[in-house]
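Let's walk through a protein model together, one piece at a time. Have the picture ready and follow along as we go.

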Amino acid sequence: MGKATQNQKILDYMEKFGGITQYEALFDLGVMRLASRISDLRRAGHDIKSETITVKNRFEEECHVSRYSLR
């Protein structure tokens, strides 16, 4: 089997960890444009929900980010 595509890596990650944020996509998978890949996956028929969650940045300030998961 060949090298996994970014879309497949994202699907696998969501199945294993329950969801994914842009930070996780970048640092765990090397995917820079998560929202674009999510759009690709939705067009391919995957039922993916998004929710806004609150996280802290490196300065301990609260930030709001999207977290994507499979329904």
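**Strands, helices and rings**

Ile48 stands opposite Leu70 in strand β3. Before we go on, note that this is a predicted model, in which local features need pLDDT of at least 70, side-chain atom pairs count only at pLDDT 80 or more, and totals for chains, interfaces and linings use all residues. Residues are numbered from 1 along each chain as its sequence is written, and side-chain values use heavy atoms, leaving out hydrogens and water.

Helices (H or I, at least four residues) and strands (E, at least two) are DSSP runs, numbered from the N terminus. Two strands pair if DSSP finds at least two bridges between them. Nine bridges join β2 (residues 48-56) to β3, and these strands run antiparallel. β2 and β3 form a hairpin with five residues between them, and Glu60 in the turn has a positive phi of about 65°.

Now find β1 (residues 20-21), which is joined to β3 (residues 62-70) by two bridges, again antiparallel. Here Thr21 stands opposite Arg67. Together the three strands make an open sheet in the order β1-β3-β2. β1 and β2 stand at the edges with a single partner strand each, so one side of each has no neighbour in the sheet.

Helix α1 (residues 6-17) packs on this sheet, touching β1, β2 and β3, and its direction makes about 100° with that of β3. Contact here means heavy atoms within 4.5 Å, while axes are lines fitted to C-alpha atoms, for helices over the stretch in contact, with angles from 0 to 180 degrees between N-to-C directions. Helix α3 (residues 34-43) lies across β1, β2 and β3, running at about 160° to β2. Leu34, Ser36, Arg37, Ile38 and Leu41 of α3 are buried (under 20% relative accessible area, with exposed over 50% and partly exposed in between, using a 1.4 Å probe and protein chains only).

How many aromatic pairs does the structure hold? There are two. Rings of Phe, Tyr and Trp (its six-membered ring) pair if their centres lie within 6.5 Å; planes under 30 degrees apart count as stacked, over 60 as edge-to-face and the rest as tilted. Tyr13 and Phe17 form a tilted pair, 4.5 Å centre to centre with 45° between the planes. Tyr13 is buried at 10% relative accessible area, whereas Phe17 is partly exposed at 47%.
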